[in-house]
Amino acid sequence: MITENIQVHLDNYDPGSDYTPGASLLQQLLWYFVGSPLVCSSWLPIASVKVWVLRWFGAKIGRGVNIKPGVRVKFPWRLTVGDYSWLGEDLWIDNVASVVIEDNVCLSQGVYLCTGNHDWSRSTFDLRLGPIHLQSSSWVAAGAIIGPGVTLGSGAILTLGSVTTQSLDAWTIYSGNPAQPIKTRAIR
């Protein structure tokens, strides 16, 4: 049924009373104008400096984390990365809600992690949030997209260019849009 006289009213948009950026305006401005450009830069290829900058802005980052050029993080104070994880080129962590990346997780080039979306069924386009949790030894291949509220089980793989808005079982390989299980992951 099409209702022609009902419209989206973005002028009435309200992110909701439970949403907050999670940091002072000063901290947000310092992040956007100083921290984020340093972490994202290709002229600063030293991962340990990028780790230091993220920690300074409130991220919890483990040992041996590798951060490639082009990594973007919306709110570092809502980011946790475990030991020896890899953050690939042009990764975009759009974390208006928390993102937890456990130990030995690989996020390849061009991956997009999206923790917020909008309720398209409401005229006010309300914000809907959901944290993302990537458990240890999981791998998100190049160009893949993970939506709000998703957990990747330990050892799960989301293959090249795949999209998921549902949680993925441990030690299972998923492919497609929407991602479907294709086989069990075995490590030799």
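**Figure 1. Packing of helices α1 and α2 in the predicted model.** In this predicted model, helix α1 (residues 25-40) and helix α2 (residues 47-56) pack at an angle of about 150 degrees. Angles over 145 degrees count as roughly antiparallel, and α1 and α2 are therefore roughly antiparallel to each other. Their axes are 8 Å apart, and α1 passes α2 in a left-handed crossing. From α1, the residues that take part in the contact are Trp31, Gly35, Leu38, Val39 and Cys40. Their counterparts in α2 are Lys50, Val53 and Leu54. Sorted by class, this contact comprises 6 nonpolar, 1 polar and 1 charged residues.

**Figure 2. The open sheet of 5 strands.** The strands follow the order β1-β4-β7-β12-β15, and the pairing is parallel. At the edges of this sheet are β1 and β15 (151-152), each of which pairs on one side only. Strand β1 runs parallel to β4, to which 2 bridges join it. Within this pair of strands, Ile61 has Val81 in β4 as its bridge partner.

Figure 3. The model contains 3 salt bridges, and one of them is formed by the side chains of Asp83 and Arg63, with an N to O distance of 2.9 Å. Asp83 belongs to the loop between β4 (79-81) and β5 (86-87). Arg63 belongs to the loop between β1 (60-61) and β2 (66-67). The two residues are 20 residues apart, and the pair links distant parts of the chain.

**Figure 4. The open sheet of 7 strands.** Here the strand order is β2-β5-β8-β13-β16-β18-β19, with mixed pairing. Strands β2 and β19 stand at the edges, and each has a single partner strand, so one side of each is left without a neighbour in the sheet. Strand β16 (residues 157-158) and β18 run parallel and are joined by 2 bridges. Leu158 has Tyr174 as its bridge partner in β18. Tyr174 also stands opposite Pro181 in β19.

**Figure 5. The hairpin of β18 and β19.** Strand β18 (residues 172-176) pairs with strand β19 (residues 179-184) in the antiparallel sense, over 5 bridges. The two strands form a hairpin with 2 residues between them. Gly176 stands opposite Ala179 in β19, Ser175 stands opposite Gln180, and Tyr174 stands opposite Pro181.

Figure 6. Most peptide bonds are trans. The bond that joins Asn177 and Pro178, however, is cis, with omega about 0 degrees. Pro178 lies in the loop between β18 and β19.

Figure 7. Most residues other than glycine have a negative phi. Asp90 is not a glycine, yet its phi is positive, at about 60 degrees. This residue is placed in the loop between β5 and β6 (92-94).

Conventions
Residues are numbered from 1 along each chain as its sequence is written. This is a predicted model: local features need pLDDT of at least 70, side-chain atom pairs count only at pLDDT 80 or more; totals for chains, interfaces and linings use all residues. Side-chain values use heavy atoms; hydrogens and water are left out. Axes are lines fitted to C-alpha atoms, for helices over the stretch in contact, and angles run from 0 to 180 degrees between N-to-C directions. Helices (H or I, at least four residues) and strands (E, at least two) are DSSP runs, numbered from the N terminus. Angles under 35 degrees count as roughly parallel, over 145 as roughly antiparallel, 65 to 115 as roughly perpendicular and the rest as oblique. A crossing is left-handed if the near helix is turned anticlockwise from the far one by less than a right angle, and right-handed if clockwise. Contact means heavy atoms within 4.5 Å. Ala, Val, Leu, Ile, Met, Phe, Trp, Tyr, Cys and Pro count as nonpolar, Asp, Glu, Lys and Arg as charged, and the others, Gly among them, as polar. Two strands pair if DSSP finds at least two bridges between them. A salt bridge is a side-chain nitrogen of Lys or Arg within 4 Å of a carboxyl oxygen of Asp or Glu.
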